[in-house]
Amino acid sequence: MALRTVIFVDGANFRGNLRDFSFTSSPPKGNYRLEERHFDWGNFYKDILEKFKGITEWEYQLVRVYWYYAESISAWVSPHDEWRFSQRIVDEHPEIGGLTPRRVVELAREWYTQERDYFQRLREKTFEKIQRETDFLEFRYVGQYQVHPLRVHRIEQKG
């Protein structure tokens, strides 16, 4: 008799681990990163249970996969924090000529907008599609994805 099995996935950690993989397409069109949309989820979890069976010698029956991901993304910083953090970045990086608090805020806002839009598209297009195509995977949205666009620990100057 197979053990009824439920798998819990921390979506943020899973996504972070995926970002560590980089592949080059063939024919070469550049590098790309592995994302949730690239998986055959049925075979992925089947292989996980086969791996468990190989280790434990037990049979497993997948009942459900609960995938936890953030419900919302944190809001943009307050005007006071915006000025304070952007000025600190300018002060800490005098080697970057022409860097002003205003420019730091512009770049941070661009990044934040891209990150927020990607966060929403991921949920609306990728996660909903995955859930429609599988009968065992359910997304649960809890908590908040924390981003701090002006709390930069390292700035790289581009060419």
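Analyst: Two strands count as paired if DSSP finds at least two bridges between them. The model is a predicted one.

User: Which residue is the bridge partner of Val 65 in β6?

Analyst: Strand β4 covers residues 60-69. It pairs with β6 in the parallel sense, over five bridges. In β6, the partner of Val 65 is Leu 137.

User: In what order do the three strands of the open sheet stand?

Analyst: The pairing in this sheet is parallel. β1 (3-10) and β6 (137-141) each have a single partner strand, so they stand at the edges. From one strand to the next, the twist averages 20°. The order is β1-β4-β6.

User: At about what angle does helix α4 run to β6?

Analyst: Helix α4 spans residues 101-133. It lies across β4 and β6. Its angle to β6 is about 155°.

User: And helix α2, at about what angle does it run to β4?

Analyst: Helix α2 takes in residues 41-56. It lies across β1, β4 and β6. Its angle to β4 is about 120°.

User: Is Arg 15 buried or exposed?

Analyst: Arg 15 sits in helix α1, residues 11-19. Its relative accessible area is 8%. Buried means under 20%. Arg 15 is therefore buried.

User: Which residues does Arg 15 touch, not counting those up to four places away in sequence?

Analyst: Contact here means heavy atoms within 4.5 Å. With residues up to four places away in sequence left out, Arg 15 touches Glu 36, Tyr 69, Tyr 118 and Leu 122.

How values were computed
Residues numbered from 1 in each chain as written. Predicted model: local features only at pLDDT ≥ 70, side-chain atom pairs only at ≥ 80, totals over all residues. Heavy atoms only, no water. Helix = DSSP H or I, 4+ residues; strand = E, 2+ residues; numbered from the N terminus. Axes fitted to C-alpha atoms, helices over the stretch in contact; angles between N-to-C directions. Buried < 20%, exposed > 50% of the residue type's maximum accessible area, 1.4 Å probe, protein only.
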